[in-house]
Amino acid sequence: MFEQFRQSLRDLMERSTPPEERRAGLAQMKETLVRARMGLDDLRSGIAATRQRLAAEQRELETVIRRKGLAAGINDRETVALAEKYEALHAERTEVLTRKLSAQESELALVEREVGEMTTALKAALAGATTGTPLQSSESAELDEMLDGDARVAEEIDALGRSSRRSAREAEADQRLAELKRRMGK
């Protein structure tokens, strides 16, 4: 995605393009940037999910260790052996999730930098495409608002999809409840 953006920017800057093609190229760059920003949201939600899974695994590991200690205290060898097996399993999962979280955080930092560079490049390209002079602060704010507006539209579409699925699930639940009531004679 980023390579396509960079190529579009290079093409736009290196050759004298007719205004129509330039506008189309800028529109494509803007769309790519919006998708990249939405990708950032996906990365952030992935990190949050990994953190939750890691916390759950750490709690499970602590529980298994505590149970192993209790079983050792009453000389229950079978439970101790089982607890050791699960301790190793949860310790391994915790280690894997810790590495995964580290990789996701590194990826997020990288993508945030790239999106920042893309935003700066798009602002510069728009400034060159529109006036031939750098963007004024009001124009820069307008671009930020425009880009955020596209992200909000995507969020609204996602929310509508979630709402539609929820409505369908609720309708199905109501239908099942009505069928159950009918069967029970109520």
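Me: Why is Asn75 called exposed?
Reply: In this predicted model, Asn75 has a relative accessible area of 66%. The cut-off for exposed is over 50%, so Asn75 counts as exposed.

Me: Where does Asn75 lie, and what makes its phi worth a look?
Reply: Asn75 sits in the loop between α2 (19-73) and α3 (77-130). Its phi is positive, about 60°, although Asn75 is not a glycine. Most residues other than glycine have a negative phi.

Me: What makes Thr94 a buried residue?
Reply: Thr94, which is found in helix α3, has a relative accessibility of 11%. Buried means under 20%, so Thr94 falls in the buried class.

Me: Which residues is Thr94 in contact with, once its neighbours within four places in sequence are left aside?
Reply: Thr94 is in contact with Leu54, Glu57, Gln58 and Leu61. To count as a contact, heavy atoms must be within 4.5 Å.

Me: Thr79 is also found in helix α3. Why is Thr79 called partly exposed?
Reply: The relative accessibility of Thr79 is 32%. Under 20% would be buried and over 50% would be exposed; 32% lies in between, so Thr79 is partly exposed.

Me: How do you know that the side chains of Thr79 and Asp76 make a polar contact?
Reply: The distance given for this pair of side chains is 2.5 Å. A polar contact needs N or O atoms within 3.5 Å, one able to donate a hydrogen and the other to accept it, and the pair is counted as such a contact.

Me: How far apart are Thr79 and Lys68 in sequence and in space?
Reply: Thr79 and Lys68 are 11 residues apart in sequence, and their C-alpha atoms are 7.0 Å apart.

Me: Over in helix α2 we find Val34. What makes Val34 buried?
Reply: Val34 has 8% relative accessibility. With the limit for buried at under 20%, Val34 is therefore buried.

Me: Which residues touch the most other members of the largest nonpolar core?
Reply: This core has 16 residues, and Leu33, Leu40, Leu108, Val111, Val115 and Leu122 touch the most other members. Helices α2 and α3 each supply at least two of the core residues, and α3 gives the most, with 9. Beyond its neighbours within four places in sequence, Leu108 is in contact with Leu40, Leu43, Arg44 and Ile47.

Me: What is the predictor's confidence, and which element has the lowest mean pLDDT?
Reply: The mean pLDDT of the chain is 77, and 67% of its residues reach 70 or more. Helix α1 (residues 2-14) has the lowest mean among the elements, 54, while α3 has the highest, 85. Over residues 130-136 the pLDDT is below 50, and this stretch has 9 contacts in the model beyond near neighbours in sequence. Where pLDDT is low, the predicted coordinates should not be read in detail.

Note on methods: Residues numbered from 1 in each chain as written. Predicted model: local features only at pLDDT ≥ 70, side-chain atom pairs only at ≥ 80, totals over all residues. Heavy atoms only, no water. Helix = DSSP H or I, 4+ residues; strand = E, 2+ residues; numbered from the N terminus. Buried < 20%, exposed > 50% of the residue type's maximum accessible area, 1.4 Å probe, protein only. pLDDT = per-residue confidence, 0-100. Core = buried A, V, L, I, M, F, W, Y, C linked by side-chain atoms within 4.5 Å.
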